[in-house]
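I opened this notebook to record what I looked up in one model. The entries follow the order in which I consulted the coordinates.

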Amino acid sequence: MANSTTDSDGFVTVSKKKSAKAKRLVNSDPLSVSPVFEPIVLDTCFKTISKAKAEVELSIFYKSFLTLLTEIIEKRKKPITQIICLGLGRISTCKTAQHQLGLLLLLGEHLLCPIEVFDPVFSSVEKDIISHLKLKLAATNCEGKRKAVLSSSSFFIFPHCPKELSNNLLYTNWSPSHLEHCILYANSFGKIRLDTPDRFLKSYHYLHRSIEIVEELAVPNNFRFPDIFNDLSLHHFPSELIYSVHSSFWESPEPTYPATETELISEK
Ligand SMILES: C[S@@+](CC[C@H](N)C(=O)[O-])C[C@H]1O[C@@H](n2cnc3c(N)ncnc32)[C@H](O)[C@@H]1O
């Protein structure tokens with residue numbers, strides 16, 4: 001006999017009463033654009049994610065990534081003790097998100113530290129994947145306003161995320177004592193500065209001003225698929241830069257964003 005339950009994403013979980021090996025999730029939304037109700041099987045997701053992780057692990061891209069990250073860690077002499085990743089996207093179905101998740105898992109193993117993730121679009125299937133992979137799902141939408149741990153380094157990973165998340169992270173940690181504990185892998189600040197029209201610079205004040213205090217290391221985009229790690233850089237804030245600016249540099253009004261511009265998904 002089989003049991004079925006419908007979750008908030010309109011998927012029906014079908015499980016055999018005794019030993020249902022795979023958790024089978026069938027899209028039951030009658031308005032679904034797909035003419036075939038494609039089942040999402042967790043086992044298949046895990047295989048795809050594991051294949052993506054192996055591909056990243058064997059790549060020259062990952063080798064360069066680790067070389068640059070090690071360079072930063074050695075300069076700072078503060079070990080990374082937590083990884084916080086926002087905006088992975090649809091890890092059950094999207095190739096980009098699955099490879100970025102592969103990188104995240106590899107970094108957790110390499111740095112031997114816990115990983116916390118959050119994306120407001122995660123479905124219940126994706127939350128199951130996250131818990132199975134032993135990642136921590138953040139309880140709230142912090143909108144990037146997350147403070148670094150002061151005894152070590154926090155590694156923030158925001159791949160292809162709205163620039164508001166990086167700007168909010170900077171705003172929240174806008175002091176030498178916090179920024180020296182932050183490393184961020186996210187869309188290149190340099191590129192964002194170039195691409196943001198002058199009339200919006202006030203909203204993205206922190207991304208704009210960080211030019212004086214950030215060291216940006218572009219990770220060569222030589223992965224097999226060019227649209228997975230493109231335009232992403234490692235950013236950190238060397239002591240010699242953050243301790244050399246005038247105290248007025250650290251004034252920090254809370255940023256607000258033009259509603260028409262932002263892709264940030266807010267708590268409310
Ligand atoms: C352009 S997509 C990038 C998805 C994926 N990382 C990629 O490279 O294809 C931006 C992601 O940021 C997420 N996002 C938006 N607001 C967010 C928030 N407040 N916290 C975490 N993620 C957020 C979106 O849900 C979306 O998955």
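Entry 1. I note that the model is predicted.

Entry 2. I began with the overall content. The protein chain holds nine helices and 11 strands. Of its 268 residues, 32% count as buried. I also looked up the contacts between residues at least 6 apart in sequence, and 66% of these join residues at least 24 apart.

Entry 3. I then turned to helix α2, residues 60-76. Its 17 residues reach 25 Å from the first C-alpha to the last, close to the 24 Å expected at 1.5 Å a residue. Which residues of α2 are buried? I found F61, Y62, F65 and L69. They cover an arc of only 90° around the axis, which puts them on the same side of α2. As a general point, an α-helix has 3.6 residues a turn, so residues three or four places apart point the same way.

Entry 4. I examined the face of α2 turned away from its buried side. That face carries the exposed residues I60, K63, T67, T70, E74 and K75. After α2 comes K77, and I read a positive phi for K77, near 55°.

Entry 5. What do the buried residues of α2 pack against? I listed α1 (42-57), α3 (95-111) and β11 (232-236) as their partners.

Entry 6. Seven strands form an open sheet with mixed pairing, in the order β7-β6-β5-β8-β9-β11-β10. I recorded β7 (136-137) and β10 (215-218) as the edge strands, each pairing on one side only. α3 packs on this sheet and touches β5 (80-86), β6 (115-118) and β8 (153-158). The direction of α3 makes about 170° with that of β5.

Entry 7. I checked the two neighbours of β11. With β10, the pairing is antiparallel over four bridges. Here E215 stands opposite H236, and L217 stands opposite L234. With β9 (residues 182-187), the pairing is antiparallel over five bridges. On that side Y185 stands opposite L234.

Methods. Residues numbered from 1 in each chain as written. Predicted model: local features only at pLDDT ≥ 70, side-chain atom pairs only at ≥ 80, totals over all residues. Expected span 1.5 Å × (residues − 1). Buried ≥ 20, exposed ≤ 12 C-beta atoms within 10 Å, placed from the backbone. Arc of directions from axis to C-beta. Contact = placed C-beta atoms within 7 Å. Pairing = 2+ DSSP bridges. Axes fitted to C-alpha atoms, helices over the stretch in contact; angles between N-to-C directions.
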